[in-house]
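Let's take a walk through a protein together, one region at a time. Have a look at the picture first, and then we'll start with a question.

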Amino acid sequence: MIEFIKKLPKAELHLHIEGSLEPELMFKLAKKNQIKIPYNSIEDIKKAYNFSNLQSFLDIYYAGANVLITKDDFYSLTWEYILKCKENNIIHTEIFFDPQIHTSRGISFKTVICGIKEALEDARNKFGITSNIIMCFLRHLSEDEAFKTLEESLLFKDSIIGVGLDSSEIGNPPSKFERVFKKASELGFKLVAHAGEEAEVSYIYEALDLLKIQRIDHGVQSIKSNKLLERLKEEQIPLTVCPNSNIELKVFDNYKQHNIKKLLDLGLNVTVNSDDPAYFKGYLNQNFINLYNNLELNKEDIVKLVKNSFYSSFISEKLKIEYIKRVDEIFENKRIKNARYY
Ligand code: ADE
Ligand code: ZN
């Protein structure tokens, strides 16, 4: 089964590029750019990755991103993630970036987006990996600051497919950004938002009804409302679930408690993603392997999760069909092989 998981072509829809900053690169860039980080060694960094909730992670994540200064740094960050895509058989990825983490430190929007974009272009040319970029607003900052960021992004509009909402969820409900998302929609951006990662179901309702989003990032708290579950099933709204992240940030006590299999069995459109893999003990394959080891997912479940990601992505219908065919080729192949042996 683990070999099967590794072989399947996959899409990733919930990945913060700043969350793919491995300790080794963080240490190297801190030295190069003479940025002070509160660690003396790579081992020290790894030891600090012990989180009690979302906020305890975000504090460390924002501090780590301080080492990213030049366009080359953003290129290296993104390229390292692309190499992981290759390793994990990810053939399409939709990556988040948080421009405000960087512009607030005096790094230009252009530096950030150009470094990321160049690496993604190379990924397409060298490996055939396709991608989209989604810009997230930090929800702990003001509506005004989100509007400013939206304005700044317009120079690079062709490179950004959509907008999202991330950072500290509790106390920063989607309604705070209703007008920003309305404007982003009018400008032609696709819309997603983190909702129901830690906060109550009202945050998911607000994301759907006020922000009018097309995908919910996380959404695992939806399990607390049967009415909401029915709606998510009926409308087949994608949930970009991040199992390792939920375990590391103590959304669930342990892997056996994770509700992704329940959501899948209820008929919701759930997908598997790595969120911040450098901080959460593994990339996409490891998330699938952990689910398989703990929740008794079968081959059909895994293929369904993988197909959901392609169907829920922002690629053309034509490319979706092409990618789904590639998934089926591996799946069918396996079934024929099994039939021969058993
Ligand atoms: N930014 C990076 N990872 C995040 C997460 N899991 N939730 C909210 N904001 C984030
Ligand atoms: Zn996230």
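Which helix gives the most to the lining of the largest cavity? It is helix H4 (residues 54-65), with 5 residues. Helices here are DSSP runs of H or I with at least four residues, strands are runs of E with at least two, and both are numbered from the N terminus.

Before going further, some ground rules. This is a predicted model, where local features need pLDDT of at least 70 and side-chain atom pairs count only at pLDDT 80 or more, while totals for chains, interfaces and linings use all residues. Residues are numbered from 1 along each chain as its sequence is written, chains are lettered from A and ligands numbered from 1 in the order in which they are written, and side-chain values use heavy atoms, with hydrogens and water left out.

Back to that cavity. Rolling a probe the size of a water molecule over the atoms shows where empty space is left. On a 1 Å grid over the protein atoms alone, a cavity is a set of points where a 1.4 Å probe fits but cannot get out, whereas a pocket is an open set with protein on both sides within 12 Å along at least five of seven lines; lining residues have an atom within 4 Å of a point. Grid points are joined across faces, edges and corners, and a volume is the space filled by probe spheres set on the points. Searching the whole structure turns up 1 cavity of 30 Å³ or more. The largest cavity holds about 110 Å³ of space. It has 15 lining residues, and the closest to its centre are His-16, Leu-54, Phe-57, Leu-58 and His-194. Sorted by class, the lining has 6 nonpolar, 4 polar and 5 charged residues. (Ala, Val, Leu, Ile, Met, Phe, Trp, Tyr, Cys and Pro count as nonpolar, Asp, Glu, Lys and Arg as charged, and the others, Gly among them, as polar.)

Two of those names, His-16 and His-194, come back at the metal site. The zinc ion (ligand 2) has His-14 (NE2), His-16 (NE2), His-194 (NE2) and Asp-275 (OD) as its protein donors, 2.0 to 2.3 Å away. A donor is an N, O or S atom within 2.8 Å of the metal (3.2 Å for Na, K and Ca), and since water is not among the atoms, sites may look incomplete. His-16 belongs to strand S1 (residues 10-16) and His-194 to strand S5 (residues 190-195), so this pair ties together parts that are 178 residues apart in sequence. Both His-16 and His-194 are buried, meaning under 20% relative accessible area; exposed is over 50%, and partly exposed is in between (1.4 Å probe, protein chains only).

What about the arrangement around the zinc ion (ligand 2), and why is it irregular? Its 4 donor atoms subtend angles of 84 to 174 degrees, and that makes it irregular. Four donors count as tetrahedral if all angles lie between 85 and 135 degrees; four count as square planar and six as octahedral if opposite donors are over 155 degrees apart and all others between 65 and 115; anything else is irregular.

In helix H8 (residues 143-153), you'll find Ala-146, Thr-149, Leu-150 and Ser-153 buried. These cover an arc of only 100 degrees around the axis, so they sit on the same side of H8. The arc is that of the directions from the helix axis to the C-beta atoms. Asp-144, Lys-148 and Glu-151, on the other side of H8, are exposed. Helix H9 (residues 178-186) has Val-180, Phe-181 and Ala-184 as its buried residues. Looking down the axis of H9, they fall within an arc of 95 degrees, so they line one face of the helix. On the other side of H9, Arg-179, Lys-182 and Glu-186 are exposed.

Finally, look at the loop between strand S4 (162-166) and H9, where Phe-177 lies. Phe-177 counts as buried, at 0% relative accessibility. Ser-167 is in the loop between S4 and H9 too, and has a positive phi of about 85 degrees although it is not a glycine. Ser-167 is buried, with a relative accessible area of 6%.
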